[in-house]
Amino acid sequence: MDERMKTWMIAVTLLLPAVCSAQQLRVKSLEIANEIIVSSDRKTDWDNELCAIVKIQGAELDSISGAFDVTRRGAELWAYATQGTRRLTLYKRGYDPLVIDFRQYGLTEGTKSNRVYRLTVHEPQASNRGNTQRVSVSHAMTTASIDVGSNKPWTVTTSVPWISAEPASGDGDGAFTATIQKNTGKEERTGDIVIKTETMTRTIIVIQSPPPQDPTETEEKKTEEKLGNELP
């Protein structure tokens, strides 16, 4: 068989460690604010007592549990807490729940009626450092078996038509097959295979070499160039 026509098999293992553990929200500060609650912002609880307001900033939260009511005011999320509330839990997709225990911040009796508290949360961004892998393949058609380790749903896309992936998605640990078509051009070419979850992206850069030069064609080209240079 012509060596250039062989189909080579390669195996690439892709692990997604950052996907398997959620990011962590952090508390930057929690303090009692010297603010007066205007009448239009007040809420009363089931016992007709005025709620405290915990004004939360620094993170785009999805929900809060432990509050009497929650409303958004501009860039802040206001959690209305009843008298003596000792704990709130903050939720954001892709992050572990953050439990706010007021007793850990010196508020042993929890929140007090008609008081304002300011909570600033730090939301670390997912890091993509080290999430790129380079793979070199020959000019021949190549099939790459790629394993995905994850506890979340994932999708696969490619940046060029000469690379395809099947299946194009999965949920949890799995695998897909990437098929790289034969390079019939004269230049090296590059394409990307991108694996994504809601919190992480991994990229495999595929570098495919061009076909080897035909020695006969090379000699003919040299002869033509030599003759061309000798013409008057």
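Predicted model: local features only at pLDDT ≥ 70, side-chain atom pairs only at ≥ 80, totals over all residues.

User: What makes Glu-187 count as buried or exposed?

Analyst: The relative accessibility of Glu-187 is 60%, and therefore Glu-187 counts as exposed. Glu-187 lies in the loop between β17 and β18 (189-196), and Asn-183 is placed in the loop between β17 and β18 as well. Strands (E, at least two residues) and helices (H or I, at least four) are DSSP runs, numbered from the N terminus.

User: Which backbone oxygen does the side chain of Asn-183 reach, and how do you know that this is a polar contact?

Analyst: A polar contact is a pair of N or O atoms within 3.5 Å; within protein, one must be able to donate a hydrogen and the other to accept it, and residues adjacent in sequence count only if both atoms are side-chain atoms. The side chain of Asn-183 reaches the backbone oxygen of Glu-187 at 3.1 Å. A polar atom of the Asn-183 side chain also lies 3.2 Å from the backbone oxygen of Ser-209.

User: What makes Trp-46 and Phe-68 an aromatic pair, and of which kind?

Analyst: Rings of Phe, Tyr and Trp (its six-membered ring) pair if their centres lie within 6.5 Å; planes under 30 degrees apart count as stacked, over 60 as edge-to-face and the rest as tilted. By this rule there are 3 aromatic pairs. Trp-46 and Phe-68 lie 4.6 Å centre to centre with 85° between the planes, and the pair is edge-to-face. Trp-46 is exposed, because its relative accessible area is 71%, whereas Phe-68 is partly exposed because its value is 25%.

User: Why is the pair of Trp-154 and Phe-176 called tilted?

Analyst: Their ring centres are 6.1 Å apart and their planes stand at 45°, so the pair is tilted. Trp-154 is in strand β14 (residues 153-158) and Phe-176 in strand β17 (residues 174-180), so the pair ties together parts 22 residues apart in sequence. Both Trp-154 and Phe-176 are buried.

Terms used. Residues numbered from 1 in each chain as written. Heavy atoms only, no water. Buried < 20%, exposed > 50% of the residue type's maximum accessible area, 1.4 Å probe, protein only.
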